[in-house]
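Hi,

Here is the structure I said I would pass on.

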Amino acid sequence: MHNPVAVRAAENLATIRNHWAELLLAIETPPADVWPPRQLVHTLRAVDEEQLDVEERAPLVLREHPAPLNVDALDTGLAIERAVFDLADTLAAAVQHADLDDPRRWNYRSATDPGSRAHGLHWAALYVEGRVLDEDTEPELLDDDTLVSAPFTPLPEYLLREAALVAHQCAGRLLRTLGLDHRATPVPGRPCPWCGGELTLHTGPDQGPSVTCGTGPQCPAPVPLTLTRRRVWEWHDLFALVTALDAAEQGGEVPPMAA
């Protein structure tokens, strides 16, 4: 059974990996206050397949950024990359014994070569995760039945705690920048198209955005009720809600929605 500190660190590293592509898209999207949710902006944006393939792009620290549309997202991305890259350097110096040809090895940068940093944030986060979970720390049997030393030694407790702190701070900053930390935010200037009630946007790191109407069950919007008796537009309903809000703003008829 893994150390709880290691498990939590691995979870935060997974959060960073899972939302990294979204952060890269955010750099190229003008910042929005509350509405529409960032995920919806990205989905509605007319982008081609090449633009969506963001996970394979060069690391932020190795690119030029002539005109980012969201400087806060860029600053967050740069800070997270540097922190995770530096952490990988630190852990590798302490526990890495893999030979130069081992693909699991973390290679340090030099004045002329970025080393493993060239592979980007995803690879760095996976490398750190492997170290905090003490993966590949047992002697290994080769195909010719030769027993060789483990490529890594277990991570000392003090470095595990340092890695956990870095992962926690980076995951938290990423989620805050994307507005994906747990929050409920009133949608300003956008009343419910069906009853005029106050709409609230709900976000969280492991869920799609949703919107509730504050009027309660009296609201005639054809969407389900929450346990607290609020009309709720889940992720799959938000596109229709955008259409209804736009129609109401332009003085047109609110389109029907299937319940």
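**What I found**

Asp86 is partly exposed, with a relative accessible area of 38% (partly exposed is the range between buried, under 20% relative accessible area, and exposed, over 50%, using a 1.4 Å probe and protein chains only). The side chain of Asp86 meets that of Arg117 in a salt bridge, at 2.8 Å from N to O (a salt bridge being a side-chain nitrogen of Lys or Arg within 4 Å of a carboxyl oxygen of Asp or Glu). Asp86 lies in helix H4 and Arg117 in the loop between H4 and H5, so the pair ties together parts that are 31 residues apart in sequence. Arg117 is buried, with a relative accessible area of 6%.

Before I go on, some housekeeping. This is a predicted model, where local features need pLDDT of at least 70 and side-chain atom pairs count only at pLDDT 80 or more, while totals for chains, interfaces and linings use all residues. Residues are numbered from 1 along each chain as its sequence is written, and side-chain values use heavy atoms, with hydrogens and water left out.

**The overall picture**

The protein chain has 7 helices and 6 strands (DSSP runs numbered from the N terminus: H or I of at least four residues for helices, E of at least two for strands). Along the sequence they come in the pattern α-α-α-α-α-β-β-α-β-β-β-β-α. Of the 259 residues in the chain, 44% are buried. The chain exposes about 13900 Å², and carbon and sulfur atoms supply 52% of that (areas are from the Shrake-Rupley method with a 1.4 Å probe; for residues, only the protein chains shown count as cover). If you take contacts between residues at least 6 apart in sequence, 56% of them join residues at least 24 apart (contact means heavy atoms within 4.5 Å).

**The helices and their core**

Which residues have the most contacts inside the largest nonpolar core? They are Ile16, Trp20, Ile80, Val128, Val132 and Leu174, in a core of 44 residues (a nonpolar core is a set of buried Ala, Val, Leu, Ile, Met, Phe, Trp, Tyr and Cys residues joined through side-chain atoms within 4.5 Å). Helices H1 (4-27), H4 (71-95), H5 (121-132) and H6 (157-178) each supply at least two residues of this core. Leaving out residues up to four places away in sequence, Trp20 touches Leu60, Gly77, Ile80, Glu81, Leu121, His122 and Leu174.

Four strands make an open sheet in the order S3-S4-S5-S6, with antiparallel pairing (two strands pair if DSSP finds at least two bridges between them). S3 (183-186) and S6 (231-233) stand at the edges with a single partner strand each, so one side of each is left without a neighbour in the sheet. On average, neighbouring strands are turned by 25 degrees against each other, direction ignored (axes are lines fitted to C-alpha atoms, for helices over the stretch in contact, and angles run from 0 to 180 degrees between N-to-C directions). Antiparallel strands S4 (residues 199-204) and S5 (residues 207-213) are joined by 5 bridges. Leu199 has Cys213 in S5 as its bridge partner. Helix H7 (residues 238-249) packs on the sheet and touches S4, S5 and S6, and its direction makes about 40 degrees with that of S5.

In one of them, the side chains of Glu129 and Arg17 meet at 2.7 Å, N to O. Glu129 lies in helix H5 and Arg17 in helix H1, so this pair ties together parts that are 112 residues apart in sequence. Glu129 counts as buried at 16% relative accessibility, and Arg17 counts as buried at 15%.

Asp246 and Arg190 form another, at 3.5 Å from N to O. Asp246 lies in helix H7 and Arg190 in the loop between S3 and S4, so parts that are 56 residues apart in sequence are tied together. Asp246 is partly exposed, at 29%, whereas Arg190 is buried, at 18%. Setting aside neighbours within four places in sequence, Arg190 is in contact with Trp35, Leu199, Leu245, Asp246 and Glu249.

Finally, have a look at Asp102, Arg104, Asp136 and Glu140, which are linked in a network of salt bridges.

Cheers
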